[in-house]
Amino acid sequence: MSRNPTLFDSVINGDMAVTVAEIQQEIDRGTPPQMLLEENLIPAMAEVGRLFEENEYFVPELLISARAMQEGMKLLNPLLTASGIEKAGYVVIGTVKGDLHDIGKNLVKSMLEGGGFEVLDLGVDVAPEKFVEEAKSRPGTIIALSALLTTTMPQMKNVIDALKMSGIRDSVKVMIGGAPVTEEYAQAIGADGYSDNASAAVQLAHQFV
Ligand code: B12
């Protein structure tokens, strides 16, 4: 399989019932969950973003598409998550302060869990101090930061500054991502790594451990 047009369109149209039904059918047929994600759900959300940029979609349409995607992810998440193996490492993930976008962050979380990592998800709108608090007790923690707004990206630097202030910067790794984030930005703020997709985020995390 590559693209299932009914599934792809259902996310764009925010038709949650069809999204869920199509995903279930594909799972029953034995389609790999990663393929459903990478060749259908993620490109569909990218198309939603394009429609928003061109003023064809507005916030309500974004929300119903996001909801369709998230309901679909509920079926895929358990399949993406490996079980019964020794954990590869510990990750604290969250969307930075002021930012409520969590679809990409949730995907990265699922893929990391699928890659054998134990993941603590702090949710959205997470203050820098919260990341520090959670990483303090576990040296070697990988902190994964997501930001989707150019206005919230600077919060990533605030997290790194807060880690420095609390004296634990050298005992953790920080990786960052989200649509507006770039490799250059990661280097500029002193992050340890950046990736533009969830699969590469897992590879990056493996490199850290
Ligand atoms: C869906 C969506 C929403 C939904 C979010 C629902 C939810 N639960 O997440 C809602 C409607 C709530 C929303 C609200 C807003 N949004 Co919005 N939204 C989007 C949209 C269309 C899609 C984002 C998405 O989910 N993409 C799909 C996922 C899979 O991709 P991703 O997040 O990029 O994640 C991938 C990678 O980036 C990476 N990744 C992500 N995180 C991490 C973390 C790590 C550690 C790593 C390694 C990798 C990684 O891996 C992921 C998987 O491959 C984007 C458009 C776009 N092109 O991004 C706009 C967009 C991000 N929103 C935008 C705006 C302006 C807003 C609002 C301000 C709108 C408003 N006027 O209210 C508000 C802000 C609310 C807030 N405070 O956060 C702008 C931002 C512009 C900018 N330059 O800052 C965008 C770019 C749209 C646009 N072109 O104008 N939004």
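Modeller: In this predicted model, a residue counts as buried under 20% relative accessible area, as exposed over 50%, and as partly exposed in between.

Biologist: Why is Asn 55 called exposed?

Modeller: The relative accessible area of Asn 55 is 55%, and exposed means over 50%, so the name applies to Asn 55. Asn 55 lies in the loop between helix H3 (33-53) and H4, and its phi, near 60°, is likewise a positive value in a residue other than glycine.

Biologist: How do you know that Leu 63 is exposed, and what patch does Leu 63 belong to?

Modeller: Leu 63, which lies in helix H4 (residues 59-80), has a relative accessible area of 56%, and because the cut-off for exposed is over 50%, Leu 63 is counted as exposed. Together with Phe 52 and Val 59, Leu 63 forms a nonpolar patch on the surface, with about 280 Å² of accessible area for the three together.

Biologist: Why is Ser 146 called buried?

Modeller: Ser 146, in strand S3, has a relative accessible area of 8%, and buried means under 20%, so Ser 146 is called buried. Leaving aside residues up to four places away in sequence, Ser 146 touches Gly 94, Thr 95, Val 96, Lys 105, Met 156 and Gly 177.

Biologist: What makes Ile 168 buried?

Modeller: The value for Ile 168 is 11%, and the limit is under 20%, so Ile 168 is buried, although Ile 168 lies in the loop between H7 and S4. Among the residues that Ile 168 touches are Val 132, Ala 135 and Leu 163; the C-alpha atoms of Ile 168 and Ala 135, 33 residues apart along the chain, are separated by 8.4 Å.

Biologist: How do you know that the buried residues of H7 are on the same side of the helix?

Modeller: In H7, Gln 155, Met 156, Val 159, Ile 160, Ala 162 and Leu 163 are buried. They cover an arc of only 160° around the axis, which means that they are on the same side of H7. The buried residues of H7 pack against helix H6 (128-136), strand S3 (142-146), strand S4 (173-177) and helix H8 (183-189).

Methods
Residues numbered from 1 in each chain as written. Predicted model: local features only at pLDDT ≥ 70, side-chain atom pairs only at ≥ 80, totals over all residues. Heavy atoms only, no water. Buried < 20%, exposed > 50% of the residue type's maximum accessible area, 1.4 Å probe, protein only. Helix = DSSP H or I, 4+ residues; strand = E, 2+ residues; numbered from the N terminus. Arc of directions from axis to C-beta. Contact = heavy atoms within 4.5 Å. Patch = residues over 30% accessible without salt bridge, like charges linked within 9 Å, V, L, I, M, F, W, Y side chains within 5 Å. Areas by Shrake-Rupley, 256 points an atom, 1.4 Å probe, with all protein chains shown as cover. Salt bridge = Lys/Arg side-chain N within 4 Å of Asp/Glu carboxyl O.
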